[in-house]
Amino acid sequence: MAPTTTAERSLSQAKVPIAADNVETAKDRELHNHPKKVHVEFEQFYGIAPTHVDRRFDLRLSHLSYLPKINNPHADWVVTAALNAFRAYQSGGFGNVHRFATIGTGSGTDVIAAFDTFVGLSSVAMTDMHEEVIKTAKSNVVSATEKAQGCIRRVALQAAAKVGDLLLPLKGEEPFDLIYENLPNIPLPGTMHDLRDGQTSSTYVGDRSADKVPRSISAALLELHYICLVQARSFGLLNTNSTILSSIGGRVPIETILEVADVAGFTGRILTVWWKEQSEPESVIGGYAEHEQQGLGPFHFYPTSALERAFSNRTPAGVGLHVIEFVEGLLPHRLNAVDALQKHREGVKIGHTVVVMASVLKSAQCQR
Ligand SMILES: C[S@@+](CC[C@H](N)C(=O)[O-])C[C@H]1O[C@@H](n2cnc3c(N)ncnc32)[C@H](O)[C@@H]1O
């Protein structure tokens, strides 16, 4: 993934002032501007009318919760990735979803999307890193199902809300039919490990050396997605009919995303692809730009105007089926992170594709 063209090389060598004072203030505003409570009109936020959960509800947010982008759904992970993938999975008849888990739930809006999509849920588990985040996420799931049918309400009230790293809180559980994860990509440097300081949206505690992640996957900044797959397999959290959905910003080649599943012992396919406005752009594009300047990447971003045009009249599953050709069509608009950061600071709205990969366990025979 070294820069391939002269233009890419010169851009990734150009130093962007990533840590200037005004930049730190902008990052601070992005990550620490937390409301305690937000009101959600389901249809306005998720873009469709609800079928099983409440039309309107309040979400509580702890100061460490990842913020749902209620006023800008184009920038929200659950709206652009999770809901599209759940609907494609359900309408594609990929499998019945009775036991569902989500890893890194944030405010719980992904679980609410699952309740609205999968009619037969009988057991739900949700995890995140901090007690206060997971407590408020559970209360949000309960709040969004107050008027729901008895069985949905019962499962929501009984949802297991667990704290801890990746799939560790689920170790020992029965296999799930579907696991969803949307974990961050940018490792924090060794000196910045205080994740209690604001939302942990785009970064994670950097030292995963004990997890023995293959070099190509670390270099693509996809470590947590790989570790999640490995843990799901080794903790026995999936059976042969189960699927794990990895929700990943398409800032690296599709082949690299599929490689994550392959080396973790899974067969991966791209279920859905959509686009998303880059949330917390100073922090996230800045994080990628720093890694580019250290020789990784290039990472892929686009002006949102180009993404909006390319995705018009398409569906998430339709783009998923033709993803390689589709991404090739976006090439003339592609920016590396250093260039995207510059454009963002000039006032251009920057986005990226969001890819949901569906992975199933390789049979023991295939793994030999
Ligand atoms: C990009 S946010 C997504 C949140 C939510 N799924 C959404 O779409 O709104 C990533 C989430 O993963 C959580 N997270 C980060 N590192 C984690 C880890 N090692 N184990 C579990 N959760 C983690 C963060 O706290 C955050 O809530």
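**Exercise 1.** At what angle do helix 11 and helix 15 pack, and how far apart are their axes? Then describe the contact between helix 11 and helix 15.

*Solution.* The structure is a predicted model.

Step 1. Two packed helices are described by the angle between their axes and the distance between the axes. Helix 11 covers residues 281–293 and helix 15 covers residues 337–345; the angle is about 145° and the axes are 8 Å apart.

Step 2. The crossing of helix 11 past helix 15 is left-handed.

Step 3. On the side of helix 11, the contact uses Pro 281, Ile 285, Gly 286, Tyr 288, Ala 289, Glu 292 and Gln 293. Helix 15 contributes Ala 337, Val 338, Ala 340, Leu 341 and His 344.

Step 4. Sorted by class, the residues of this contact between helix 11 and helix 15 are eight nonpolar, three polar and one charged.

**Exercise 2.** How many residues of helix 5 are buried?

*Solution.* Helix 5 spans residues 109–117, and nine of its nine residues are buried. They are Thr 109, Asp 110, Val 111, Ile 112, Ala 113, Ala 114, Phe 115, Asp 116 and Thr 117.

**Exercise 3.** Describe how helix 4 packs against helix 5.

*Solution.*

Step 1. Helix 4 (residues 77–91) packs with helix 5 at an angle of about 25°, and their axes are 10 Å apart. Angles under 35 degrees count as roughly parallel, so helix 4 is roughly parallel to helix 5.

Step 2. Helix 4 and helix 5 cross in a right-handed way.

Step 3. Val 78, Ala 82, Leu 83, Phe 86, Arg 87 and Gln 90 of helix 4 meet Thr 109, Asp 110, Ala 113, Ala 114 and Thr 117 of helix 5.

Step 4. The contact of helix 4 with helix 5 has six nonpolar, three polar and two charged residues.

Notes:
Residues are numbered from 1 along each chain as its sequence is written. This is a predicted model: local features need pLDDT of at least 70, side-chain atom pairs count only at pLDDT 80 or more; totals for chains, interfaces and linings use all residues. Axes are lines fitted to C-alpha atoms, for helices over the stretch in contact, and angles run from 0 to 180 degrees between N-to-C directions. Helices (H or I, at least four residues) and strands (E, at least two) are DSSP runs, numbered from the N terminus. A crossing is left-handed if the near helix is turned anticlockwise from the far one by less than a right angle, and right-handed if clockwise. Two residues are in contact if their C-beta atoms, placed from the backbone, lie within 7 Å. Ala, Val, Leu, Ile, Met, Phe, Trp, Tyr, Cys and Pro count as nonpolar, Asp, Glu, Lys and Arg as charged, and the others, Gly among them, as polar. A residue is buried if 20 or more other C-beta atoms lie within 10 Å of its own, exposed if 12 or fewer, and partly exposed in between; C-beta atoms are placed from the backbone. Angles under 35 degrees count as roughly parallel, over 145 as roughly antiparallel, 65 to 115 as roughly perpendicular and the rest as oblique.
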